[in-house]
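Open the model in your viewer and keep the sequence panel beside it. The stops below each give something to select and say what is there.

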Amino acid sequence: MARLKFLNLLSLYLSSIWAIYKHLLSSLLNTNGVPFIVKLIEICLGLYFWFCGLSPCTVDLDDQTTMHFWTVNHRRNNKPDLVMIHGYGGNSIWQFLGQVGPLSRDFNLYLPDLLFFGKSYTKRSDRSEVFQAKCVVEGLRKLGLKRFSLYGISYGGYVAYQMAQMCPDEVEKVVIVSSGIVWTEDQKQELLHKKHGRYGLEILLPQNPCDLRLLVSLSVYKFNPLKWVPEFVVRNFVKATMVYRKEKIEMVEELRTGTLDSNFPVLTQETLIIWGDKDHVFPLNLAYQLHRHLGPKSKLEIIKDTGHAANLDSPEIVNALTKSFISTLL
């Protein structure tokens, strides 16, 4: 009996090592235009996700659209399911580095890459956050997820909001971080047009190292993660952002030209709004606007000395607020 248990354990260990090896080899051989140094860093981050109990998978929604997810390896029935939607600055493996470790201990995590980020892609022409939301929902259904809570940051907040309002029976609770969902037309024009001496699209889609450094400095308040990064490495990151550049421009244009309906839905779910008081991308007044729009079923938490990328500036506080809010019984 002991010998059989040992052989089963050895088999599981070897199969896990083989799966990781195949993933690493596949990632190195299929760079998809991403510079090698950036791909190498992604592989290291992917290993960390593996050790946190997550593994990558792709889901074909149809012959036009493919979604990529990082999903929990072994779903625990006694833990809540949490879907985390990344923002515009990169895919889930880059944006949730500070969340995966702590939150994977308390939740079954599902991290999709939005379309045109990571390995998610569509041949369809729709660039709206509504279409993004529909694709994430369909992918989650194909993965067998029936009830879950949502966390969305920045652009991911727009997608999470749409998911929550279109699937009230599937989405339990919602966490929105630094996302100007209910901005007015005047606010939208001010934020996406000329600001800081540059147009919004130029900042969101950097074309040179200076652009990228500006974007990071506007997003992070407490420290500058690129301060000591060599210029040639920053150039590689800029090159990586060029993948699907045309489609990403169309996504921002869709967000810019869309109008906020006077009957914009109020979510039925309890919603936690998290915002940094030093957010230079979506100013703090947008947090109060969203709080007023959602009404008594929402709660606003403002984190001091924190910028737009609250998940980078204050990860411990964001994680603690998220855990406490979602874990509390309805």
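Start by selecting Gly295, which comes just after helix 12 and has a positive phi of about 80°. Helices here are DSSP runs of H or I with at least four residues, strands are runs of E with at least two, and both are numbered from the N terminus. Before going further, note that this is a predicted model, in which local features need pLDDT of at least 70, side-chain atom pairs count only at pLDDT 80 or more, and totals for chains, interfaces and linings use all residues. Residues are numbered from 1 along each chain as its sequence is written, and side-chain values use heavy atoms, with hydrogens and water left out.

**Helix 12**

Buried means under 20% relative accessible area, exposed means over 50%, and partly exposed lies in between, using a 1.4 Å probe and protein chains only. An α-helix has 3.6 residues a turn, so residues three or four places apart point the same way.

**The whole chain**

Zoom out and colour by secondary structure. The chain has 14 helices and nine strands. Of its 330 residues, 49% are buried. Among contacts between residues at least 6 apart in sequence, 73% join residues at least 24 apart; a contact means heavy atoms within 4.5 Å.

Select Ile85, Leu140, Leu150, Tyr151 and Met163, the residues with the most contacts inside the largest nonpolar core, which has 77 residues. Helix 6 (residues 155-166) supplies the largest share of this core, with seven residues. A second, separate core of 14 residues includes Val216, Phe237, Val238 and Ala240. A nonpolar core is a set of buried Ala, Val, Leu, Ile, Met, Phe, Trp, Tyr and Cys residues joined through side-chain atoms within 4.5 Å.

Return to Tyr151 and show its surroundings. Leaving aside neighbours within four places in sequence, Tyr151 is in contact with Leu82, Val83, Met84, Ile85, Phe96, Gln99, Val175, Val177, Asn311, Val318 and Thr322.

**Helices 9 and 10**

Select residues 209-219 (helix 9) and 231-241 (helix 10), whose axes come within 9 Å and cross at roughly 85°. Helix 9 is therefore roughly perpendicular to helix 10. Axes are lines fitted to C-alpha atoms, for helices over the stretch in contact, and angles run from 0 to 180 degrees between N-to-C directions. Angles under 35 degrees count as roughly parallel, over 145 as roughly antiparallel, 65 to 115 as roughly perpendicular and the rest as oblique. Pro209, Leu212 and Arg213 of helix 9 make the contact with Glu231, Val234, Arg235, Phe237 and Val238 of helix 10.

Which loop holds Tyr244? Tyr244 sits between helix 10 and helix 11 (245-257). Although Tyr244 is not a glycine, it has a positive phi of about 60°. Tyr244 is partly exposed, at 27% relative accessibility.

Next, select Ser154, in the loop between strand 6 (148-153) and helix 6. Phi of Ser154 is also positive, near 55°. Ser154 counts as buried, at 13% relative accessibility. Most residues other than glycine have a negative phi.

Move to Asn91, in the loop between strand 3 (81-85) and helix 3 (92-95). Asn91 is buried, at 10% relative accessibility. Not counting residues up to four places away in sequence, Asn91 touches Glu42, His86, Asp113, Phe117 and Gly118.

Then select Phe325 in helix 14 (residues 315-327). Phe325 is buried, with 12% relative accessibility. Beyond its neighbours within four places in sequence, Phe325 is in contact with Lys173, Val174, Val175, Glu270, Thr271 and Leu272. Draw a distance from Phe325 to Leu272: their C-alpha atoms are separated by 7.3 Å, although the two are 53 residues apart along the chain.

**Cysteines**

Finish with Cys44 and Cys167. Is Cys167 buried or exposed? Cys167 is buried, at 3% relative accessibility, whereas Cys44 is partly exposed, at 48%. The structure holds zero disulfides, a disulfide being a pair of cysteine sulfur atoms within 2.5 Å.
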